[in-house]
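Here are some notes for anyone opening this structure for the first time. Have a look at it first, then read on.

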Amino acid sequence: MFPVGQKRSLAGFLIAAAAFPLHSAVAAPFDFSGSLGEGGFTRYVPPVTNPIFNETPLITTEIRPIYFRQKIPSDFPSGGGDIDVVAAQLRVAITNRLGFLATTDGYAWADFDAALPDSSGFADLAVGLKYAVVYDPSAGEVLTLGLRYTLPSGNLDVGTIDLTGYGAGSLHIFASGLKQSGPWQLQGNVGVQQALSGDATSFAYGSAHVSYEILPGLYPLAELNVFLPYDGGDRLPGSQLTGVDVADFGSSDPKNSVTVAGGLRYRPAENVILGGAFEYNVSESADHLMEWRAMFDAVIHF
């Protein structure tokens, strides 16, 4: 993710990258087209919500700029407020089965209505690899396993509470599967985020996506995300404050979270797909940082 001052340079980079595909500059044995190359998958509809953890099972080379606004519930200790996040994710296909990920880096602005001071800062950076253990484009099926490491590199905090940049980082282990059938696409992702020190939250999660191509390049979609903490942190003993995916308060007893979303993807060009979704936290309570979220992205793949 990038702060506002870097938006102009980021836009220039995206335009230049789109005009000069990476795979045209580097020779074999790399296959930067990945799952979308010759004989591969002809349709690509990545999920929109849970952008940090809901990894597509397809192996792609792409840049994905992201923006979302998150509403803080009025009964949260801050009395409400908003969080704005900008991000730019990077994926590189090494072969049609193996891919590199840099997908968590970002910048956030938190505007609280009361009690807590406003804050802004960088999220932690996460890098990793994923590999398609099942890869059958003719059947529209793929199953991918992946591993990421999150570096404690961020500097987002609220008062004396560090929301990023603490501890020894974490490991994200996941499995992601896809089934395409005619205009339908079903996708699921399950995984765990295991903290490597006691001050952060460890949790399991699951995400589901379904989309349908109603017109050429136009895909309404619905998504579901579940977050299940199994080991809280020790930074806020006795607390149940829960940041879902955008922040970690280090509470000793964070709550489960369930979100549902509806949205749309549209492909204006062969290598560009736009997306937007409105997501609502059906488990929202006074301890949850998220009431709803409006999210937009663009996936530029090569």
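Predicted model: local features only at pLDDT ≥ 70, side-chain atom pairs only at ≥ 80, totals over all residues.

1. Start with the largest nonpolar core, which has 22 residues. Ile-83 and Leu-289 have the most contacts inside it. Strand 1 (62-72), strand 2 (81-93) and strand 4 (106-112) are the elements that give two or more residues to this core.

2. Now zoom in on Leu-289. Leaving aside neighbours within four places in sequence, its contacts include Ile-83, Phe-76, Phe-112, Val-246 and Phe-249. Gln-70, Lys-71 and Thr-242 are also among the residues Leu-289 touches.

3. Next, strand 11 (residues 184-195). In a regular strand, side chains alternate between the two faces of the sheet. On strand 11, the covered face includes Gln-185, Gln-187 and Asn-189, while Trp-184, Leu-186 and Val-190 are among the residues on the uncovered one.

4. On one side, strand 11 pairs antiparallel with strand 10 (residues 170-181) over 12 bridges. Leu-178 sits opposite Gln-187 of strand 11. The hairpin these two strands make has 2 residues between the strands, and Gly-182 there has a positive phi near 60 degrees.

5. Strand 11 also runs antiparallel to strand 12 (residues 202-212), joined by 10 bridges. Look for Gly-188 opposite Ala-208 in strand 12. This pair forms a hairpin as well, with 6 residues between the strands.

Definitions and conventions. Residues numbered from 1 in each chain as written. Heavy atoms only, no water. Core = buried A, V, L, I, M, F, W, Y, C linked by side-chain atoms within 4.5 Å. Buried < 20%, exposed > 50% of the residue type's maximum accessible area, 1.4 Å probe, protein only. Helix = DSSP H or I, 4+ residues; strand = E, 2+ residues; numbered from the N terminus. Contact = heavy atoms within 4.5 Å. Pairing = 2+ DSSP bridges.
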